[in-house]
Each structure stands twice: as C-alpha cells, then as structure tokens.
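Q: I have a protein model open and would like to learn how to read it. Could you walk me through it, one feature at a time?

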Amino acid sequence: MFMVSRLKDFTIITNRLRHYFRNMDVKELKPPSSVRGMQELQREQFRKIVQVPRLRVPESQVQRVMPLVKKFLLKMEHLHPVRAVDQSREILLHPTPVKNWESLPTEDLQRQKVNAENFSFADLELRYENWSANEILKSVLPTEEEGLTSYSRIGHIAHLNLRDHLLPYKQLIGQVLRDKLPNCRTVVNKASSIDNTYRNFQLELICGDPNYQVETKENGVPFEFDFSKVYWNPRLSTEHERIVKMLKSDDVLYDVFAGVGPFSVPAAKKRCHVLANDLNPESFRWLQHNAKRNKCMPNIKMSNKDGRQFIVEELRQDLLKRLCTTDTTTYAIHITMNLPAMAVEFLDAFRGLYSADELAQLPTNVCYPTVHVYSFAKGENTKELVRQLVESNLGAILDDDLLQGINFVRNVAPNKDMYRVSFKLSLNLLTTLKEVEVTRKRCAEEELEVPTKVKYV
C-alpha cells in the first residue's frame, strides 16, 4: 500500500502475511505481462484465465472444513474464496502452498469425509477488479525506474507528487487510484514547489471532480478547508499529536504559523489558552471555521498577520501580562513555529522583545516560554546543521540550560530532513538585541586576539 494510508495499512498487511501468501509472488496471479507500459487505462486488458487449486464440498460440511484450510485460502480483491456451485461449495486455494492434494491436512480432511476426489485444479477468470491499486501499478509502470511509492489522502482527494519519469503515466495512475481508493473522487498532482507567499500547493487536476473543499479528521479532530488554497500535510499528524499531548488544560499556546489549526484547534479543545495566527487569508478563514466547528472559540484568539508582526504585537502583549501578573510555575507556555522553510528567520523577533525595565520586577522562579521551531536541513549531518541554523538566526548558543531537544520529524527528500528544535527563552534573550550580543562577543574575541606588545630596549 502507499502513504499516508501506507502506515495504517502496513500492520494489516503484515498480519495477513502471517497466514496468507503474497499474490504478486506467483506468476499466475499477477496481471498479464502485456499491460506493462500501458499509459491509457484499458481495464479489459487485465482479463486472464488461470488455474488454481480448489476443494468442492457439500454445503453441510463447509463449517467443519473451513478451519482446516483457512490459512490456504486464495485472497484477492473482490474475490470470494468460498462460492456456491450447484448444491455444494467451492473453496478456492492459493497455489503457493497448495501444489497437490498432499499439500493439505489430508488426515483431518478425511475425517470430515473430504478426500482427493474433492480436490482439483480448474480455471478461474481474473479481471481488473481483482487487483489492488498497488498491484495494478506495479504491473504497469516501468521496472527500471522507481514506481509510485507514496501519496497523501486528504478527505476525498488523493494528492500525488509525481517524479518526471512517471508523468507520462499520470492519467492512468489517477484513474487507478480513483477506482481503487474508497471514497476517492479527485486525484491531483503537485504542479510546482511551494514558493508563494501563502505556502499553498499549486495543484494539477489529473482526474475526477475539481472540488477541493475537503473534510478530514486528524487525531480525532475534524477539519474542513479548501486544499487548493491552504497548506495541509497529513504526514505531520503524528507531530501535531506530540505537541498537543505536551499541553495540559490552562497551558498557553502561541501558534505563529497556525494554518487551518492542526496545533491550535486541538489545544483549544483541551481548554488551553491559544493565540493563533496565519498570514494567508484563506487559512485564517478556515482556522476560524474549524475553531467554531470544534466549539472551542472561548479558548482561542485568532489573527491574520505576518508572523513577525504577530510576535511583536499580540504575543508580546499577552506574554508580558502573563509574566508580570500570573504565577507561571502553575502552567506551561509554548510557542509553535511550523513553517520549516523559513521559520528560523523569525527567531530574531524574540531578541529585545522587551526592555530590561519591563521585566525588571519578575520573580526569580518565573518560567519562560518553550519555543518549538521547525526547519529543514540538507546535507550529511542534518541534526547538527539544523542546530547551527537555529543558533545563527537566534543569535545565541543553545546551551544545556536553553536547549530542550532536537527531534527528527520526517525525511523530506534524499539528504533533506525536517526537525523540531525546542528551546527555552530567557531573560537575556528577551531583553538583549541580537546585534548587541553579537557585537559584545565580537569585541571579546578581538580583545583576546590582541597581541601582547613587546618593548625592545
């Protein structure tokens, strides 16, 4: 199977293989070799006649025979392994383990009055409907190139990111997925990289309805949005869940790049105090919609601003009030910055966010926010590279007191990974401009490098 359904289905497939056998390992059960290279889907070309082993038993004996042969059953799409034939039942068996009558538990079967006369090989017609999407595409796409390894499923939409060598097959791929995936009505391909202001996908409709408004659930929370106008990646569902699980009721979340709310809405449902922001007007509209739909409006305040503006206005004001007037030891404050292509560029907004006088009267045990910033890193040692990237943009070294963790999120491309870097803000970071600290460090380094003057006599 494929991603995202690939993760869910992998367990099912693994469990099946403990008792059943892979059809694509048997030449007779593969689609016809003549379909290789097909670019326009011709379903009738998948018809073939194969011989498979079978048992024919009286209808009254089926319930006693089935437990004896269950692990040998032939399992294929839209194929019932037990079929009515006249007044008896025909049990279709898999040709891999069953080569002849002796392949079966003959003694147990004979005790049920089933013997070699009940066993035979006979013709079976297979059609397009009998193979899964994975099996169809493996039989059609070129063997010398990588096949279709993944896709995303968002509501009724299947979202592909096809490599160049698969583009001649895109219509066929789209039709197969639409045929085979439950409730799939639209198949689209990522037409270009995400380089626009609002970070939404540029889509090419491959087949199906040009309807991009979807309803989906993530970690039990329903969301609705127009997939063509906002950013949504179901591969991040586990990461969204990790962050939300960190939060407890009455904790605070500042979501700088909130999108349609995968962090903010579940947090607000947990009765956290949420300030959520997104620059994209469409994302902001659907963020509001999803907050209303999930009945968490009292716990969330939303804005439609640039991330930096949100930090220096909404976040600054709300955080200052909390630091100065509440006991921050009784709850946690988190800041999420999930815009991995450029979020690190906003980190310097925290530097000098307040004057020293504004935070002069804070108690010594005040708990400062934890920032979770997401970033891509490309190269050999991506974990170290992403740390350097964060430190460079923050203008500070993340020592053991500040750094909370560097967590791998997912592989994006060869040698390109996505990470979450979590660190604590501090009084020094919030009251010292990045440029001032860098200047101080430079001066200190230059002072150490000044050579000792030698006086010659």
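Q: How do strand 1 and strand 3 pair, and over how many bridges?
A: The general idea comes first: strands of a sheet pair through backbone hydrogen bonds, either parallel or antiparallel. In this predicted model, strand 1 (residues 48–58) pairs with strand 3 (residues 88–92) in the antiparallel sense, over 5 bridges.

Q: What joins strand 2 to strand 3?
A: Strand 2 and strand 3 are also antiparallel, with 4 bridges. Here Arg83 stands opposite Glu90 in strand 3. These two strands form a hairpin with 2 residues between them, and in this hairpin Asp86 has a positive phi near 55°.

Q: In what order do the strands of this open sheet lie?
A: Reading across, the 4 strands come in the order 2-3-1-4, with antiparallel pairing. Strand 2 (82–85) and strand 4 (119–126) are at the edges, and each has a single partner strand, so one side of each is left without a neighbour in the sheet. Neighbouring strands are turned by 40° against each other on average, ignoring direction.

Q: Which order does the open sheet of 7 strands have?
A: Its order is 13-12-11-14-15-17-16, and the pairing is mixed. The edges are strand 13 (300–303) and strand 16 (403–413), each pairing on one side only. On average, neighbours in this sheet are turned by 15° against each other, direction ignored. For a pair to look at, take strand 15 (residues 370–378) and strand 17 (residues 416–424): they run antiparallel and are joined by 9 bridges. Within that pair, Phe376 has Met418 of strand 17 as its bridge partner.

Q: Which strands does helix 9 lie across?
A: Helix 9 (residues 307–325) lies across strand 11 (252–255), strand 12 (273–277), strand 13 and strand 14 (333–337). Its direction is at about 165° to strand 12.

Q: How do I read a core, and which residues of the largest nonpolar core touch the most other members?
A: As a general idea, in soluble globular proteins, nonpolar side chains tend to be buried together. The largest nonpolar core here has 45 residues, and Met337, Leu347, Phe350 and Val373 touch the most other members. Several elements each supply at least two residues of this core, among them strand 14, strand 15, helix 10 and helix 11 (427–431). Helix 9 gives the most, with 6 residues. There is also a second, separate core of 37 residues, which includes Val50, Leu160, Ile173 and Leu177.

Q: What is Val373 in contact with, leaving aside its neighbours within four places in sequence?
A: Its contacts include Met337, Ala343, Leu347, Val390, Tyr419 and Phe423.

Q: What should helix 10 span, and how far apart are its end C-alpha atoms?
A: At 1.5 Å a residue, the 13 residues of helix 10 (residues 382–394) should span 18 Å, and the end C-alpha atoms are 18 Å apart, so the two agree. After helix 10 comes Gly395, with a positive phi near 75°.

Q: Where is Lys383 found, and what does Lys383 touch?
A: Lys383 is in helix 10. Its relative accessibility is 43%, so Lys383 counts as partly exposed. Not counting residues up to four places away in sequence, Lys383 touches Ile406 and Tyr419. Lys383 and Val421 are 38 residues apart in sequence, and their C-alpha atoms are 9.5 Å apart in space.

Q: Where is Asn381 found?
A: Look in the loop between strand 15 and helix 10. Asn381 is partly exposed, with a relative accessible area of 48%.

Q: How many helices and strands does the protein chain have?
A: The chain has 12 helices and 17 strands. Of its 457 residues, 48% are buried.

Notes:
Residues are numbered from 1 along each chain as its sequence is written. This is a predicted model: local features need pLDDT of at least 70, side-chain atom pairs count only at pLDDT 80 or more; totals for chains, interfaces and linings use all residues. Side-chain values use heavy atoms; hydrogens and water are left out. The expected span of a helix is 1.5 Å times one less than its number of residues. Two strands pair if DSSP finds at least two bridges between them. Axes are lines fitted to C-alpha atoms, for helices over the stretch in contact, and angles run from 0 to 180 degrees between N-to-C directions. Contact means heavy atoms within 4.5 Å. Buried means under 20% relative accessible area, exposed over 50%, partly exposed in between (1.4 Å probe, protein chains only). A nonpolar core is a set of buried Ala, Val, Leu, Ile, Met, Phe, Trp, Tyr and Cys residues joined through side-chain atoms within 4.5 Å.
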